Amino acid sequence: MENTNIIMFNEEYVKLLNELEEFERERPFCKHDLAHFLDVARICYIMVLEEGLDISKDLIYTTALLHDIGRVMQYRYGTDHDKASADIAEKLLPLTSFNEEEIEMILDCIRKHREKQESTALNEIFYKADKLSRICFRCPAYDICYWSEEKKNHRITY
């Protein structure tokens, strides 16, 4: 988990994470905080293991730490957070030991994490993990949430 920790303790990343948590302090819906990032990573990793895929835990956790960090730019400037998150990741990933192929895999997953589509196995699993990480059935904002009843999680899957 060397690369995950490089990102997690990077000064710029920590600053953005703190700012994101401040932006969302009064948000009634699901938060995009470290707990969410780690929930997505853990669910994604379980799914990757269940599928027998050769994708490292370090790559999955790093992707999860970065996938929503661009929400800071969304709050500040109205930028799509998936694009902003990929832009931030492009600046931080060279600090890691990931190779070019792994970096592109991470960036592609971040850019597409909101799309339900048939693409790479990681992208598909990451999309599902992001949605499954939400505990709708215990959410105080359940009745005002914009997610449809079909999309909301009514039970624990992972």
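I am working with a predicted model, where local features need pLDDT of at least 70, side-chain atom pairs count only at pLDDT 80 or more, and totals for chains, interfaces and linings use all residues. Residues are numbered from 1 along each chain as its sequence is written, and side-chain values use heavy atoms, with hydrogens and water left out.

**α3 with α4.** I looked up helix α3 (residues 34–51) against helix α4 (residues 57–66) and found an angle of about 145°, with the axes 8 Å apart. Helices here are DSSP runs (H or I, at least four residues), and angles run from 0 to 180 degrees between N-to-C directions of axes fitted to C-alpha atoms over the stretch in contact. For contact (heavy atoms within 4.5 Å), I noted Phe37 and Tyr45 among the α3 residues, and Ile60 and Leu65 among those of α4. The contact residues divide into 12 nonpolar, no polar and two charged.

**α3 with α8.** Next I checked helix α8 (residues 121–132), which packs on α3 at about 135°, again with axes 8 Å apart. The two are therefore oblique to each other (angles under 35 degrees count as roughly parallel, over 145 as roughly antiparallel, 65 to 115 as roughly perpendicular and the rest as oblique). Their contact includes Met47 and Glu51 of α3, and Phe126 and Asp130 of α8.

**A pocket.** Lastly, I looked up which residues lie nearest the centre of the largest pocket: Cys30, Asp39, Ser133, Arg134 and Ile135, out of 23 lining residues. A pocket is an open set of points on a 1 Å grid where a 1.4 Å probe fits, with protein on both sides within 12 Å along at least five of seven lines, and lining residues have an atom within 4 Å of a point. Helix α3 gives the most to this lining, with five residues.

Note on methods: Ala, Val, Leu, Ile, Met, Phe, Trp, Tyr, Cys and Pro count as nonpolar, Asp, Glu, Lys and Arg as charged, and the others, Gly among them, as polar.
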